Amino acid sequence: MKAPSYHVVTLFPEMFAALTGYGVSGRAVRKQLCSVKFWDPRDFTQDNYRTVDDRPFGGGPGMVMLAEPLDLALTAAKTVLRREGRVPRLIYLSPQGRRLDQALVEELGTAEALVLLAGRYEGIDERLFERHTLEEVSIGDYVLSGGELPAMVLLDALIRRIHGALGHADSAAEDSFADGLLDCPHYTRPEDYLGRRVPEVLRAGDHGEVARWRLRQALRRTRERRPELLAGRVLSGQEKVLLDELEHGSS
Ligand code: 9WO
């Protein structure tokens with residue numbers, strides 16, 4: 001598959017340096033494992049003030065983003081992608097959207113192109129949504145001052161799972177949530193930290209025993225902290241045995 005293409009419509013493209021300039025996501029962009037491009041609605045204005053917002057009809061506090069500059073920016077992004085033979089999904093980051101989870105990340109990860117719309121102010125003129133079919137995605141039930149941070153959260157989750165984005169020692173398949181369980185505890189040197197020792201099983205070098213211990217820890221944490229994750233998941237034979245052992249007191 002060709003490297004995914006991510007386009008972001010935002011008044012603040014500079015904010016995305018936090019994504020494209022650092023760490024795993026920064027390296028993936030530098031290695032061209034994906035591309036991230038920006039469209040500033042201000043560049044699609046005509047007036048001397050480069051106006052992108054106005055007062056809400058009906059009154060009330062705050063400002064509303066004008067439909068036209070957003071419409072033109074979205075259309076420009078779509079046009080570029082269509083010329084490359086890509087059909088993008090369009091996503092508006094909003095608290096009204098479908099909640100982002102790892103399943104949605106995997107689903108959006110199959111798209112060859114996404115256009116993300118990051119809003120500002122109190123929101124966007126509703127008529128924009130009549131001209132473009134936008135899927136709404138929420139990263140959680142709280143209000144922020146714009147959609148840029150949620151767009152970066154989504155992009156980071158997408159980019160780190162592209163093959164080759166993680167260092168060869170890592171594997172996205174072994175991550176917390178990759179198999180629907182919380183992560184197990186991790187340890188590194190020293191063996192003794194202020195009298196607290198690393199569990200012996202991790203030092204003994206029996207890879208089968210290590211895998212069993214990690215799975216048991218992951219199951220215990222998930223049962224204790226997020227039992228609803230276990231309820232909505234098919235358990236393997238080994239997982240049932242380990243959970244049973246936890247329920248009935250042994251280890
Ligand atoms: C403001 C508001 C106030 C009371 C009740 C609901 C409300 N929603 C908003 C709102 O969406 N404000 C905006 C700021 C306009 C669009 C961009 N903004 C935004 C996006 N804030 N929070 C998000 C967001 C996006 C995705 N996931 C979580 C939060």
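Predicted model: local features only at pLDDT ≥ 70, side-chain atom pairs only at ≥ 80, totals over all residues.

Start by selecting I139 and the ligand: a backbone N or O atom of I139 sits 2.9 Å from a ligand nitrogen.

Residues are numbered from 1 along each chain as its sequence is written, and side-chain values use heavy atoms, with hydrogens and water left out.

Next, show the whole shell around the ligand. It has 18 residues, and Y92, S94, I139, Y142 and L144 come nearest (near means a heavy atom within 4 Å). By class, 10 are nonpolar, seven polar and one charged. Color β5 (89-99) and β7 (135-138), which each supply at least two shell residues; β5 gives the most, with four. Strands here are DSSP runs of E, at least two residues, and helices are runs of H or I, at least four, numbered from the N terminus.

Stay with L144, in the loop between β7 and α6 (148-160). How exposed is L144? It is partly exposed, at 39% relative accessible area (buried is under 20%, exposed over 50%, partly exposed in between, with a 1.4 Å probe and protein chains only).

Now jump to R203 and E191. They form a salt bridge, with the closest N and O atoms 3.3 Å apart (the cut-off is a side-chain nitrogen of Lys or Arg within 4 Å of a carboxyl oxygen of Asp or Glu). This pair links distant parts of the chain: R203 is in helix α7 (residues 200-204) and E191 in the loop between α6 and β8, 12 residues apart. Select E200 too, as its side chain meets R203 in a salt bridge of 3.6 Å, N to O. E200 and R203 are three residues apart in helix α7, so about one helical turn separates them.

Last stop: R216 and E245, another salt bridge, at 4.0 Å between the closest N and O atoms. Here helix α8 (residues 207-225) holds R216 and helix α10 (residues 237-247) holds E245. R216 counts as buried at 12% relative accessibility, whereas E245 is partly exposed at 24%.

Terms used. Polar contact = N/O pair within 3.5 Å; in protein donor to acceptor, adjacent residues only side chain to side chain. Nonpolar A, V, L, I, M, F, W, Y, C, P; charged D, E, K, R; others polar.
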